[in-house]
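Welcome! Let's take a friendly walk through a protein model, stopping at a few places along the way.

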Amino acid sequence: MTTDDTIAALSSGALPAGIAVLRVSGPGARLAMESAAGGVPEPRRASLRTFRNAVGAPIDRGLLLFFPAPGSVSGEDLAEFHVHGGRAVASAMLAALTALPGIRLAEAGEFTRRAFENGRIDLTEAEGLADLLAAETEGQRAQAMAQAEGGLKRLADGWMRRLLRARALIEAEFDFSDEGDVSDDVSAGVAREVGALAAEMRSSLASAQRGEIWRDGFHVVIAGAPNAGKSSLLNALAEREVAIVSPIPGTTRDVIETRLDLAGIPVRVSDTAGLRASDDVVEAIGIERARKALNEADLVLHLVAPGEEPEPLETEAPVLHLRTKADLEPETLPAKFDLAISARSGAGLAALIERIAEAARSKAGDPTLVVPTRLRQREAIAATLEFLERYDPVALPPEVAAETLRLAADRLGRLTGRTGVEDLLGVIFGEFCIGK
């Protein structure tokens, strides 16, 4: 990707809409305004213009804004054309803009990538922005917003400043140790600082599962014997027909998943194959997948039909034992069960949803806390921590100790995108839509 060309794209929502916003970023932004709108307006002030194509025919009348580099969202000269949101209008504007020399259609995420490459945002902020665009619940929005506004960047920058100071001190110790102006206890102070940094990074990694839940969802797995009412419960929770419901045992042969928003918390609910011994090859595969889902769950709903007893489940997740079909055979709930429910009548479902939400809130915590939310971020912190834990000013020669801290700083730089992420940029920015 080069930045000596100019990109253009529709940056607003799906058409038709009330307004369509087209962005042009790069050295040709001024040319685009002069050609399509007759001139460049005063920076950051909306100007009402008639937009025209290459032969001077009017396309639409709308607002034009100019954001000069480096103070634009992309760090380049950037123009915004606000037109009426009809498909034909937007198409004609894009055609007129990309017909100009040096201006082409943008690729997915290219505006944001240019913002990163021009130093307007770091990689964690870009990832937060991608999560903000994908957010489906209030909690996801809050978490993504905290990261997009630089929460993780500030944490990483603080770590980096302390790490660079430790490097400077340890290098000064062995460079100037014979000049008498370097304190004898520098090594001890650096060791304490490195230990404190390592402890903070361990704590951050320990909290990473909370960020993962907000980003990917609290995983609830519905398990039980065939015909215990698992698919009926999934449909009731989703309030739509997600799974096939049949009196024939073994109907569900794969993991079926739906997503819910429970008080702003994203929840993934998985219906699984009935747990039993089976000679059916396909059903056996489904049962094996059900057992795998149990090992990956944050919460298991164990459904037991009337007259049956709950069998032990192989899972480390918390389990709610639910007596199903309460509308058919009302009975006193045995102590070994947590709730009685009926997917048909709705009995007990409100209480069940509250129990799920309570478990999700407890495990997810505050969505605005600064934690690594992506595998890439966790790996960068873990790699940094690995080198910090190798640091030993007693066992290591001073030059090796300093090199260990240098390698730790290099790994930490990968968290914010300062070093060693070139091969990842296409993947990361490919998550964005065209025009962002």
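Predicted model: local features only at pLDDT ≥ 70, side-chain atom pairs only at ≥ 80, totals over all residues.

Lys-325 sits in the loop that links strand E11 (319-323) and strand E12 (339-340). Although Lys-325 is not a glycine, its phi is positive, near 55°.

Arg-44 also has a positive phi, about 60°, and is not a glycine. You can find Arg-44 in the loop between H1 and E3. With 45% relative accessibility, Arg-44 counts as partly exposed. Most residues other than glycine have a negative phi.

## An open sheet

Now look for the open sheet: 6 strands make it up, in the order E3-E4-E5-E2-E1-E6, with mixed pairing. Strand E3 (47-52) and strand E6 (103-105) are its edges, each pairing on one side only. On average, neighbouring strands are turned by 30° against each other, ignoring direction.

Inside this sheet, strand E2 (residues 17-25) and strand E5 (residues 78-85) run antiparallel and are joined by 8 bridges. Ala-20 stands opposite Val-83 in E5.

## Helices across the strands

Helix H1 (residues 29-37) lies across several strands, including E1, E2 and E3, and runs at about 80° to E3. Helix H3 (residues 110-117) lies across E1, E2, E5 and E6, at about 135° to E1.

## Two cis peptide bonds

Most peptide bonds are trans. Leu-15 and Pro-16, however, are joined by a cis peptide bond, and Pro-16 lies in the loop between E1 and E2. Another cis peptide bond joins Ala-69 and Pro-70, with Pro-70 in the loop between E4 and E5.

Terms used. Residues numbered from 1 in each chain as written. Heavy atoms only, no water. Pairing = 2+ DSSP bridges. Helix = DSSP H or I, 4+ residues; strand = E, 2+ residues; numbered from the N terminus. Axes fitted to C-alpha atoms, helices over the stretch in contact; angles between N-to-C directions. Contact = heavy atoms within 4.5 Å. Buried < 20%, exposed > 50% of the residue type's maximum accessible area, 1.4 Å probe, protein only.
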